[in-house]
Amino acid sequence: MTIDINLRLVEANLKTSVIGKSSNCPNEYHKVIDSTNNRLIELSKNGANSGTIVLAYEQTSGRGRFGHSFISPPGHGLYLSILYKTSQDRHLNLLTLGLGVAAANVIKFHTGFQIKLKWVNDLIANEKKLGGILVESPFVVNQEKTLIIGIGINIIPFVYDTDKILTPIEFLNNLTTKPINLELFIADLALEIETLLFYIESENFLASEIVKQWLEYNCTIDKNIKAILGNDVIFGRAIGINGSGELIIETTDTDKPITLSAGQVSIRNIDGKYV
Ligand code: BTN
């Protein structure tokens, strides 16, 4: 069994005002592409406005954070990228956390299953990786930042080489016995993400609100972790998230807790478990 997405049905179900409704660049669904994020970088360089969605049936070079690959076999997952341009770039760390919450909300609605979020925004189910989110900001023009929001979710089980893929993988179809309407799922996800982006740009924005929602789903706080910063490794205990979305770590090496920013760090549990 594989899944095929009907782009027209996704579009027909969109309740958004910007996402999926770019004023000058249509949405795309590719049978095969290197990476949906790469495709949107190209489109945005050619002047695409906010909103374009790129989806793929298969990615040959799906990318994750820190140059890791995101394995994207044909018809086995959701490979989705969204282009958004914003002049509000103060809260990008929090956007990353908020996107995890958006994905978790939609997964809960469509499957009844409550996933967990591993800082920054790995999607976790049954202590395995269900998916991940990669936000890239390739350039800024006239103070407007281009954001490429890439989301990958494993859906139909596939066999993978456990010698090469060290992170155990979970699949959305294992979380529910009911069929998932993927076109509706994508349309709902687009709306959650748009609502988040508009909230972050609004005057009412409260960092604490995003942090609060993320904490409800998190599986990182109160864990002993190993943080990898390039060639350096820090051992400590994750004790919280600050108002910038950074992870606060208590270590025996420093008197005061230290903060880790999403762009620099990948974390593992000290006990060797993935979560
Ligand atoms: C991670 O796990 O570190 C993030 C994975 C993000 C994967 C998605 S799939 C759609 C988009 N295109 C990519 O090349 N990557 C993202």
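Begin by selecting Glu28, Arg39 and Glu42, which are linked in a network of salt bridges; a salt bridge is a side-chain nitrogen of Lys or Arg within 4 Å of a carboxyl oxygen of Asp or Glu. The model is predicted, so local features need pLDDT of at least 70 and side-chain atom pairs count only at pLDDT 80 or more, while totals for chains, interfaces and linings use all residues. Residues are numbered from 1 along each chain as its sequence is written, and side-chain values use heavy atoms, with hydrogens and water left out.

A search of the whole structure finds nine salt bridges. Select next Arg8 and Glu11, whose side chains meet in one of them (2.5 Å, N to O). They lie three residues apart in helix α1 (residues 7-13), and are therefore separated by about one helical turn. Helices (H or I, at least four residues) and strands (E, at least two) are DSSP runs, numbered from the N terminus. Arg8 counts as exposed at 57% relative accessibility, and Glu11 as partly exposed at 25%. Here buried means under 20% relative accessible area, exposed over 50%, and partly exposed in between (1.4 Å probe, protein chains only).

Move on to Lys128 and Glu170, a salt bridge in which the closest N and O atoms are 3.9 Å apart. This pair links distant parts of the chain, 42 residues apart: Lys128 belongs to strand β6 (residues 128-136), and Glu170 to the loop between β8 (144-154) and α4. Lys128 is partly exposed, at 30% relative accessibility, whereas Glu170 is buried, at 4%.

Now select Asn37, in helix α2 (residues 36-45). Is this residue buried or exposed? With 4% relative accessibility, Asn37 counts as buried. Its side chain makes a polar contact of 2.6 Å with that of Ser81 and another of 2.8 Å with that of Glu136. A polar contact is a pair of N or O atoms within 3.5 Å; within protein, one must be able to donate a hydrogen and the other to accept it, and residues adjacent in sequence count only if both atoms are side-chain atoms. Beyond its neighbours within four places in sequence, Asn37 is in contact (heavy atoms within 4.5 Å) with residues including Arg63, Leu134 and Ile148.

Finish at helix α5 (residues 207-217), where Ala207, Ile210, Val211, Trp214 and Tyr217 are buried. Seen down the axis of α5, these buried residues fall within an arc of 120°, so they line one face of the helix; the arc is that of the directions from the helix axis to the C-beta atoms. Their cover includes α3 (92-111), β4 (116-118), α4 (182-201) and β10 (232-241).
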